[in-house]
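Thanks, everyone; I would like to take a few minutes to walk through one model. Please have the sequence and the structure on screen while I talk.

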Amino acid sequence: MAATGASALPPTSPPLTPVARAERFVWLTARVLEQHLFAHHFRGGSADAVETALDAYRNGDGGYGHGLDPDLRGPVSQPLHTARALRVLDAVGRCAGQRVERVCRYLTSVSTADGALPAVHPGQRGCPTAPFVPVVADPPSDLLATGPVVGLLHRNEVWHAWLFRATDFCWQAVESLEKSHPYEIEAAVAFLDAVPDRPRAEAAADRLGRLVRAQGLAVLDPERLDAYPLSPGYAPGEHHFPHDYARTPHSLARAWFTDDETARSLDHLAAQQGEDGGWPVRGRQWAPAPALEARAMVTIDALRTLGAYGRPVG
């Protein structure tokens, strides 16, 4: 006999977790590489699949190209593409062996006279490039390009002749910084978090932390964004927060911020997940495809940062 009176409410599904929401976004929008990276980090996917996808971007000179960094298009190898490749290999525990030996030979071939990397090698000329990335005939050495690469190689205990002069360059660049901007500070942290001389790294990080706070390079209160000026050339909304510098609680940059400042930063990061499951790109967006590709990358990074701090994401 049918029930009478008020009809029963339909069962409700529990809200999707941040990872589940992001998964749909990644499968709808991401490149194959980021799809496999997401699967590796959050769904038990294999490192082999990530390596295979990464191979599509590798060139015969040992470097990487083909838009691996979304802001540089075209097939030619570039330091920024190759740095991204090393981050991928590090993320899946494969930053070693002949593959990395070939990368180091490429880095040697494109280094400047002082043994470090330019942000963009002039071979990029003629390929589509973000308007805020200058391509010049004789580019200088750049901490932003060199620091993360040197840090990753040290972290994975890779020893190659290229590292000696590149490490010296990074020390000189980091220890002489008097005025900087967030991306350069992030590059310095990537170097300092892994370089073998830990007492020297700790001293340099302590000085950089004071610089970051004195120059207002980190938003300490996300409710008052207008109180923090953007660095010259940055896009509207391209602020940086404590979690951008200290991507894990083990980073030297974590000591720059109080527990409350770090908690507010992570709360803000978690709240930035969009209705489509992805996180926004804060940098300047100059073409549809690079912007979409970058969103998948920052989405994976956001989930990994939250997870590193013990925030529930799964």
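Is valine 158 buried or exposed? Before I answer, a word on the source: this is a predicted model, in which local features need pLDDT of at least 70 and side-chain atom pairs count only at pLDDT 80 or more, while totals for chains, interfaces and linings use all residues. Residues are numbered from 1 along each chain as its sequence is written, and side-chain values use heavy atoms, with hydrogens and water left out.

Valine 158 is buried, at a relative accessible area of 13%, where buried means under 20%, exposed over 50% and partly exposed in between, with a 1.4 Å probe and protein chains only. Valine 158 sits in the loop between helix H6 (143-155) and H7, helices being DSSP runs of H or I with at least four residues, numbered from the N terminus. Setting aside neighbours within four places in sequence, valine 158 is in contact (heavy atoms within 4.5 Å) with Cys95, Val100, Cys104, Leu153 and Leu163. Its C-alpha atom is separated by 8.7 Å from that of glutamate 101, 57 residues apart along the chain.

Side chains of opposite charge can pair when their charged atoms come close, and a salt bridge here is a side-chain nitrogen of Lys or Arg within 4 Å of a carboxyl oxygen of Asp or Glu. The whole structure holds 20 of these salt bridges. In one of them, glutamate 101 meets arginine 105 at 3.8 Å, N to O, and both residues lie in helix H5, four residues apart, about one turn of the helix. Glutamate 101 is partly exposed at 34% relative accessibility, and arginine 105 is partly exposed as well, at 47%.

What does the salt bridge between arginine 99 and glutamate 51 tie together? The two side chains meet at 3.1 Å, N to O; arginine 99 lies in helix H5 (residues 97-110) and glutamate 51 in helix H3, so the pair ties together parts that are 48 residues apart in sequence. Arginine 99 counts as buried at 13% relative accessibility, and glutamate 51 counts as buried at 14%. Both residues belong to a network of salt bridges that also links Asp48, Asp55, Arg58 and Arg94.

Finally, aspartate 90 and arginine 155 meet in a salt bridge at 2.3 Å, N to O, and this pair links helix H4 (residues 79-91) with helix H6, 65 residues apart. Here aspartate 90 counts as buried at 15% relative accessibility, whereas arginine 155 is exposed at 54%.

Key. Helices (H or I, at least four residues) and strands (E, at least two) are DSSP runs, numbered from the N terminus.
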